[in-house]
Amino acid sequence: MAEGIVRLEAVADTMMPAQAPRLDAIVTVTALDYLRFRFPDAPWLPALPKLDAVSRAWRERASFAKTMPR
């Protein structure tokens, strides 16, 4: 899991919102949000500043914001 998320961090720039969401961005944001929720203090989860920025940017879009759990 940690290795996979580090690989996603390396290509995070390609997932920034520009047009319609692609499946890679949707899945990545969903997975990152789950990891942050389920394992908030996990020592094996590295810092992911690029993916965190991608997640924040996508969550600002209306389609993501309207479907966020409350």
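Axes here are lines fitted to C-alpha atoms, for helices over the stretch in contact, and angles run from 0 to 180 degrees between N-to-C directions. This is a predicted model, in which local features need pLDDT of at least 70 and side-chain atom pairs count only at pLDDT 80 or more, while totals for chains, interfaces and linings use all residues. Residues are numbered from 1 along each chain as its sequence is written, and side-chain values use heavy atoms, with hydrogens and water left out.

**View 1. Helix α1 meets helix α3.** Helix α1 (residues 2-10) packs against helix α3 (residues 49-59) at an angle of about 70°, and their axes lie 8 Å apart. The two are therefore roughly perpendicular to each other (65 to 115 degrees; under 35 degrees counts as roughly parallel, over 145 as roughly antiparallel and the rest as oblique). Look for Ile5, Leu8 and Glu9 on α1, and for Pro49, Lys50 and Leu51 on α3, which make the contact (heavy atoms within 4.5 Å). These residues divide into four nonpolar, no polar and two charged; Ala, Val, Leu, Ile, Met, Phe, Trp, Tyr, Cys and Pro count as nonpolar, Asp, Glu, Lys and Arg as charged, and the others, Gly among them, as polar. Helices are DSSP runs of H or I with at least four residues, numbered from the N terminus.

**View 2. Threonine 28 in helix α2.** Threonine 28 sits in helix α2 (residues 23-38). With a relative accessible area of 6%, threonine 28 is buried (under 20%; exposed is over 50% and partly exposed in between, with a 1.4 Å probe and protein chains only). Leaving aside residues up to four places away in sequence, threonine 28 touches Leu8, Met15 and Leu51.

**View 3. The largest nonpolar core.** Such a core is a set of buried Ala, Val, Leu, Ile, Met, Phe, Trp, Tyr and Cys residues joined through side-chain atoms within 4.5 Å. Of its 14 residues, Ile5, Leu45, Leu48, Leu51, Val54 and Trp58 touch the most other members. The elements giving two or more residues to this core are α2 and α3, and α2 supplies the largest share, four residues. Leucine 45 touches Ile5, Leu35, Arg36 and Phe39, not counting residues up to four places away in sequence.

**View 4. Methionine 68, after helix α4.** Methionine 68 lies in the segment after α4 and is partly exposed, with a relative accessible area of 33%. Beyond residues up to four places away in sequence, methionine 68 touches Asp33 and Arg59.
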